[in-house]
Amino acid sequence: MKKDLLGLKGLSAKEIKSILDTAQTMKLILQQPNKKTPHLQGKTVVNLFYENSTRTRLSFELAAKYMSANAANITASGSSVQKGETLIDTAKTINAMGTDILVMRHNMSGAPHLIAPLVSASVINAGDGMDEHPTQALLDMLTITEKKGGIKGLKVAIIGDINHSRVVRSNIYGLTKLGAEVSVGGPGTLIPQGIERLGVKVFRSVQEAIVDADVVMGLRIQLERQKSGLFPSLREYYRFFGIDEKRLQFAKPDALIMHPGPVNRGVEFSSGVIDCEQSVIDEQVTNGVAVRMAVMYMLSRGGFAE
Ligand code: CP
């Protein structure tokens, strides 16, 4: 039994697979002309976002509405957070209004872990600082599973700002639990010390990281989380670490191109790579709705299959 989804670090392979299986069923609903289902009828879902978002926030809202829940959004900039209310008091206030599911994005790593034991609502981590973004990794794994028939034995190369990325941590936990071989690559200043201990191979050259890769995942350069210049310029980043058509030739010919978004065109990938046939970036977005439907539905029923 699980009340919350705070990260993939604490989930078993079986639990992850059960979410992916349920998301595939939810996807069938999304393909119908009438997407409305009663899965969350009578439940209330609140999105509490302290950081900007397009994909995550909208897909949680749409997922809740497709399942007939009452859905509401609060951003820190338009709330009493601006008057000095603490995160704990804000969460307790939202909980006191009869909220069943609290979806939280916060710039502080660990924020949802702090809130989850203090509220009766199920807390879903929609991205906390540099810690985890579990539903992003789940939608990534659903996309890989659909395109490649499974995850076990695949070589996944993740390139970019490894240090500041919560997406990479959730993907490392999830992908390695399901049997993928994960490589990370990027400038030395953007690779955290000791990341090998999570079971990944580390490369300082993109070419080496993506050799024979089945999946090439780019990560956004997060300038907003960098206190000082960790590389000379975006132009130089692209020159040495950006993935263009020429560099992509080191990966397998049918390698998937993935990115959690938002993408900086001409920084992580060339525009040609973003828009190429192997790119599944739009499918990732579509699968985000199905995954969030699955997670909210399963939590409302007591958790994931153990
Ligand atoms: N991938 C992701 O979290 O995107 P948003 O910031 O737009 O939600």
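These legends accompany several close-up views of the structure above. It is a predicted model, in which local features need pLDDT of at least 70 and side-chain atom pairs count only at pLDDT 80 or more, while totals for chains, interfaces and linings use all residues. Residues are numbered from 1 along each chain as its sequence is written, and side-chain values use heavy atoms, with hydrogens and water left out.

**View 1. The largest nonpolar core has 61 residues.** A nonpolar core here is a set of buried Ala, Val, Leu, Ile, Met, Phe, Trp, Tyr and Cys residues joined through side-chain atoms within 4.5 Å. Buried means under 20% relative accessible area, exposed over 50%, and partly exposed in between (1.4 Å probe, protein chains only). Leu138, Met141, Ile158, Val295 and Met296 have the most contacts inside this core. Helix α11 (residues 281-300) gives the most to the core, with nine residues; helices (H or I, at least four residues) and strands (E, at least two) are DSSP runs, numbered from the N terminus. Apart from this core lies another, of 23 residues, with Val206 and Ile243 among them.

**View 2. Here we look at Leu138 and its contacts.** Setting aside neighbours within four places in sequence, the partners of Leu138 include Leu5, Leu8, Ile16, Val291 and Val295. Contact means heavy atoms within 4.5 Å.

**View 3. Strand β1 (residues 44-49) has six of its six residues buried.** In a regular strand the side chains alternate between the two faces of the sheet. Both faces of β1 are covered, with Thr44, Val46 and Leu48 on one side and Val45, Asn47 and Phe49 on the other. Six bridges join β1 to the parallel strand β2 (residues 70-75); two strands pair if DSSP finds at least two bridges between them. Look for Val46, whose bridge partner in β2 is Ala72.

**View 4. Glu51 and Arg166 meet in a salt bridge (2.9 Å, N to O).** A salt bridge is a side-chain nitrogen of Lys or Arg within 4 Å of a carboxyl oxygen of Asp or Glu. Glu51 sits in the loop between β1 and α2 (55-66) and Arg166 in helix α6 (residues 166-177), 115 residues apart. Glu51 counts as buried at 17% relative accessibility, and Arg166 counts as buried at 7%.

**View 5. The side chains of Lys147 and Glu283 form another salt bridge (3.1 Å, N to O).** Lys147 belongs to helix α5 (residues 134-148) and Glu283 to helix α11, so this pair ties together parts that are 136 residues apart in sequence. Lys147 is partly exposed, with a relative accessible area of 41%, and Glu283 is partly exposed at 26%.
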